[in-house]
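Please have the selection tool ready, and we will go from stop to stop together.

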Amino acid sequence: MKLTDEEVRHIALLARLGISDNEVEKFRTQLSNILENFDILSQADTEGLPPTAQSIALDNIYRPDEAGPSLTVDEVMANAPEREENCFKVNAVLE
Amino acid sequence: MKDLHRLTIHESHALLKEKKISSVELTRAVLKYLESIDGKIRACMRITAEQAMVNAAAADKAIAEGRCSPLTGVPAIIKDNMCTRGVTTTCSSKMLENFVPPYNAHVIEKLNSVNAVMAGKANMDEFAMGSSTENSAFFTTRNPWNLDCVPGGSSGGSAAAVAADACIYALGSDTGGSIRQPAGFCGVVGLKPTYGRVSRFGLVAFASSLDQIGPLAKDVTDAALIMNVISGHDKRDSTTVPLEVPDYTGALKPDIKGLRVGVPREYLVEGMQPAVRKAIEDAVKKLEELGASVDWNVSLPNTRFGLAAYYILAPSEASANLARYDGVKYGYSYRETTSMWESMEKTKQYGFGAEVKRRIMLGTYALSAGYYDAYYLKAQKVRTLIRRDFDLAFEKYDVLVTPTSPTVAFKIGEKADDPVQMYLSDVCTLPINIAGVPAISIPAGFVDGLPVGMQFIGKHFGEETLLQAAYAYEQATPWHKQKPSIA
């Protein structure tokens with residue numbers, strides 16, 4: 001499986017990952033190599049097999065919805081890159 | 001008495017309990033040695049000396065009041081992907097360089113509840129993605145046995161610190177081998193518990209269906225003592241299993257007569273270092289001598305799909321988990337723009353290193369429209385095949401034995417530019433995470449002056465059998481007593 005530059009840029013866009021022209025070239029080669037190593041999976045007979053999402057036999061877990069102590073607003077906001085009152089400040093979403 | 005920093009947990013505990021030493025003395029000795037040596041091995045992201053001395057004094061008070069459990073007052077180093085309230089937790093990433101968690105991980109709460117002492121936070125591969133610590137955004141940790149070699153990864157700082165006697169024990173995390181492979185490379189004991197045995201609350205997420213926290217220790221007894229404290233159900237991690245936690249030290253009997261041991265031939269892989277293979281074969285013969293019944297020709301036929309399945313599943317989960325680093329609520333944030341989207345994209349571009357970006361790209365691709373069935377769903381079905389291989393094997397065998405890694409520690413830089421070669425270093429460990437079973441790596445000899453790791457694999461929640469087999473082998477061999485002399 002050989003990726004094209006356009007595919008690499010498209011994947012980066014899906015991930016919202018900024019990418020330089022050098023990285024496009026580097027990732028195109030490296031990811032193509034890695035994907036080639038995935039071809040072996042076509043030899044695995046998985047006809048009719050269920051997928052395993054996690055390895056231990058736990059079903060949905062429920063617990064009572066009980067209120068307890070939680071972090072203060074200041075603790076939650078302490079790592080904010082930019083804060084305005086009790087809000088995380090970001091650049092305008094709509095331009 | 002040997003130098004205090006060289007003690008094991010059980011040796012420290014005996015002395016603390018009899019009040020022959022205090023935690024303040026022990027902690028001071030560990031910090032002094034750690035500070036003297038860390039310029040060479042670079043195991044620590046940060047040494048937390050001040051807080052450690054406060055904790056040590058509190059431990060001494062607890063001991064005076066009669067509360068002295070095995071980890072009380074004993075200094076540890078914690079991998080820097082476990083949240084520590086008020087202490088920077090970087091994940092060895094620029095993204096979290098200045099992140100100070102407002103809460104403790106569950107395992108840290110557990111350690112605090114018995115007055116353990118944290119001496120520092122360990123260097124690692126960025127976001128636990130890597131096998132050498134070369135992916136740390138800050139520096140590479142060195143192998144105490146040979147400073148030109150990698151310590152393994154991603155818990156390389158934790159393993160190197162334990163091997164160098166720069167702490168008494170450490171915690172690491174293991175998604176595809178990140179506890180066991182560095183334990184093997186550094187000649188210490190490393191245990192990856194069954195998925196669901198230890199809470200992941202407060203562990204920075206990499207691949208949530210594979211991640212598990214576990215001990216790195218100087219011997220098997222210490223690994224059991226750590227498991228006693230960190231295991232158990234936590235309502236904040238609903239994948240933890242509400243099973244009672246046994247006293248794991250009960251498994252430490254040097255008797256394995258009749259233990260059914262299987263050697264899966266697929267793990268003696270092509271490209272394996274012949275001397276490593278020889279060391280493992282000698283170790284299995286030793287198990288036979290000790291009374292185990294060994295089947296040398298077990299087959300886990302789907303092993304060959306493990307690497308590919310893992311490198312689809314883990315990056316897919318990572319690409320979802322790491323989407324949270326958008327520069328809004330915490331972490332590095334690129335602000336030199338008026339565009340929200342550009343801010344988000346540049347935050348990731350400058351905040352993440354090459355391997356993390358590579359895996360985000362890989363995972364995003366495997367989950368994207370048109371490829372989901374071919375990659376992600378296929379890998380999940382292969383996961384079923386691999387799990388069934390283990391289920392079948394454990395009907396006939398109590399433990400399986402493999403090398404921990406196909407080679408001993410490699411040179412720094414040797415594989416740094418070749419991701420596929422680097423990924424192969426985990427080929428013996430990652431099927432275990434795919435199946436969710438527990439496994440332990442213990443020292444099993446030396447090749448060219450570098451330690452060889454032997455891996456025991458057990459069935460789900462079979463940690464006691466692993467510890468028993470590992471303990472019996474350890475007590476019959478000299479490897480764990482050998483220490484590196486750091487030039």
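A residue counts as buried if 20 or more other C-beta atoms lie within 10 Å of its own, as exposed if 12 or fewer do, and as partly exposed in between, with C-beta atoms placed from the backbone. This is a predicted model, in which local features need pLDDT of at least 70 and side-chain atom pairs count only at pLDDT 80 or more, while totals for chains, interfaces and linings use all residues. Residues are numbered from 1 along each chain as its sequence is written, and chains are lettered from A and ligands numbered from 1 in the order in which they are written.

Select Asp165(B), which is buried because 23 other C-beta atoms lie within 10 Å. You will find Asp165(B) in the loop between α5 and β4 (169-174) of chain B; helices (H or I, at least four residues) and strands (E, at least two) are DSSP runs, numbered from the N terminus. Phi of Asp165(B) is near 60 degrees, a positive value in a residue other than glycine.

Next, select Asn115(B), in the loop between α4 (106-113) and β3 of chain B. Its phi is also positive, near 55 degrees, and Asn115(B) counts as buried, with 22 C-beta neighbours inside 10 Å.

Then go to the peptide bond from Gly153(B) to Ser154(B), which is cis, with omega near 10 degrees. Ser154(B) sits in the loop between β3 (117-122) and α5 (156-163) of chain B. Most residues other than glycine have a negative phi, and most peptide bonds are trans.

**Stop two: two helix pairs in chain B**

Show residues 220-230 and 463-475 of chain B: these are α7(B) and α15(B), packed at an angle of about 155 degrees with their axes 9 Å apart. Axes are lines fitted to C-alpha atoms, for helices over the stretch in contact, and angles run from 0 to 180 degrees between N-to-C directions. That makes α7(B) roughly antiparallel to α15(B); angles under 35 degrees count as roughly parallel, over 145 as roughly antiparallel, 65 to 115 as roughly perpendicular and the rest as oblique. Residues making the contact include Ala223(B) and Met227(B) of α7(B) and Leu467(B) and Tyr471(B) of α15(B), where two residues are in contact if their C-beta atoms, placed from the backbone, lie within 7 Å.

Now bring up α9(B) and α11(B), which pack at about 100 degrees, with axes 7 Å apart. This makes α9(B) roughly perpendicular to α11(B). Among the residues in contact are Ile312(B) and Pro315(B) of α9(B) and Ile360(B) and Gly363(B) of α11(B).

**Stop three: where the chains meet**

Select α2 of chain A, residues 21-38. What are its buried residues? They are Phe27(A), Leu31(A), Ile34(A), Leu35(A) and Phe38(A). These pack against α1 (5-14) of chain A together with α9 (306-321), α11 (354-367), α12 (373-396) and α13 (419-424) of chain B.

Finally, colour the whole contact, which takes 59 residues from chain B and 42 residues from chain A. On the chain B side, α9, α10 (340-351), α11, α12 and α13 each supply at least two residues. The largest share of that side, 11 residues, comes from α12(B).
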